[in-house]
Amino acid sequence: YAAANFYDLFSPAAAFGLLAITALAGGILSVRQNAFAVAVLSTLGGFLTPFLIGSDSSNPLPLLSYITVLNLVVLCLAYYKNWRSLNFISFFGTLLVYLVFRASHHSVNEPAVYQAFLLLYFVIFGSLAFFYNIRHNKPTMAPDVFLMVFNIGFFLAASLSNLHGQEDWHGLFVVGLALIYLAVSTWLQRRRMGDSLLFLTLLGIG
């Protein structure tokens with residue numbers, strides 16, 4: 001950050017890449033050392049990188065792809081550790097970066113790109129809510145329920161805003177989401193994956 005902003009030793013792109021590598025290395029180290037604090041600092045640093053380095057580009061693809069990679073790293077961490085706070089940091093970091101970018105680049109009209117990334121984030125955080133619990137046969141807790149509710153709330157609101165001007169599709173979109181939740185809840189119950197709270201939460205959201 002200092003090399004790029006104070007001394008012009010690196011280009012913004014190079015500094016962005018180096019900060020991203022630092023965040024990834026911190027994530028790997030946190031799993032190897034069972035260090036929750038390192039995971040939190042790495043995740044916070046990863047989401048602060050776009051604000052620290054900045055960019056004049058109005059193309060949403062690089063930034064939203066970077067946020068996707070960060071979220072996938074958190075999803076990988078959830079394979080080993082049940083760090084629910086990290087899931088929420090990642091979720092609200094994603095929400096903040098997305099909303100700030102959309103607000104500062106409101107003239108960029110690429111609804112298909114935005115919607116594709118919204119769908120990716122929706123799937124990642126939907127999985128984060130119960131990924132560890134199912135893998136390790138652990139009960140669903142209140143934070144998991146909150147993450148599922150926040151996830152559908154953000155996805156639905158952002159998607160309907162993104163589909164502005166195409167209101168005829170809003171009803172079909174919402175019904176489609178409901179069917180997905182009903183199908184997933186039924187599938188998990190039939191496979192005996194997860195507990196009753198997970199099933200009822202997904203069913204209730206649907």
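Visitor: Is aspartate 8 buried or exposed?

Guide: Aspartate 8 counts as exposed, at 65% relative accessibility. Buried here means under 20% relative accessible area, exposed over 50%, and partly exposed in between, with a 1.4 Å probe and protein chains only. One thing to keep in mind: this is a predicted model, where local features need pLDDT of at least 70, side-chain atom pairs count only at pLDDT 80 or more, and totals for chains, interfaces and linings use all residues. Residues are numbered from 1 along each chain as its sequence is written, and side-chain values use heavy atoms, with hydrogens and water left out.

Visitor: Okay, and where is aspartate 8 found?

Guide: In the loop between α1 (2-5) and α2 (12-33). The helices are DSSP runs (H or I, at least four residues), numbered from the N terminus; strands would be E, at least two. Aspartate 8 isn't a glycine, yet it has a positive phi of about 55 degrees. Arginine 192 also has a positive phi of about 55 degrees without being a glycine. That arginine 192 lies in the loop between α9 and α10 (196-205) and is exposed, with a relative accessible area of 77%.

Visitor: Let's switch to packing. At what angle do α5 and α8 cross?

Guide: Roughly 15 degrees, and the axes of α5 (residues 84-104) and α8 (residues 142-162) come within 11 Å. Axes are lines fitted to C-alpha atoms, for helices over the stretch in contact, and angles run from 0 to 180 degrees between N-to-C directions. That makes α5 roughly parallel to α8, since angles under 35 degrees count as roughly parallel, over 145 as roughly antiparallel, 65 to 115 as roughly perpendicular and the rest as oblique.

Visitor: What residues make that contact on α5 and α8?

Guide: Among them are Phe88, Phe91 and Leu95 of α5, and Leu147, Phe150 and Phe154 of α8; contact means heavy atoms within 4.5 Å. By class, the contact of α5 with α8 has eleven nonpolar, three polar and three charged residues. For those classes, Ala, Val, Leu, Ile, Met, Phe, Trp, Tyr, Cys and Pro are nonpolar, Asp, Glu, Lys and Arg are charged, and the others, Gly among them, are polar.

Visitor: How do α5 and α6 pack?

Guide: α5 and α6 (residues 111-128) pack at about 170 degrees, with their axes 11 Å apart. α5 and α6 are therefore roughly antiparallel to each other. Residues in the contact include Ser90 and Thr94 of α5 and Leu118 and Tyr121 of α6. They divide into eight nonpolar, three polar and one charged.

Visitor: How many aromatic pairs does a search of the whole structure find?

Guide: The search finds 19. Rings of Phe, Tyr and Trp (its six-membered ring) pair if their centres lie within 6.5 Å; planes under 30 degrees apart are stacked, over 60 edge-to-face and the rest tilted. Phenylalanine 91 and phenylalanine 154 are an edge-to-face pair, 6.1 Å centre to centre with 90 degrees between the planes. Phenylalanine 91 lies in α5 and phenylalanine 154 in α8, so the pair ties together parts that are 63 residues apart in sequence.

Visitor: And is phenylalanine 91 buried or exposed?

Guide: Buried, at 2% relative accessibility. Phenylalanine 154 is buried too, with a relative accessible area of 11%. One aromatic cluster includes Phe91, Phe154 and Phe146, and phenylalanine 146 counts as partly exposed, at 47% relative accessibility.
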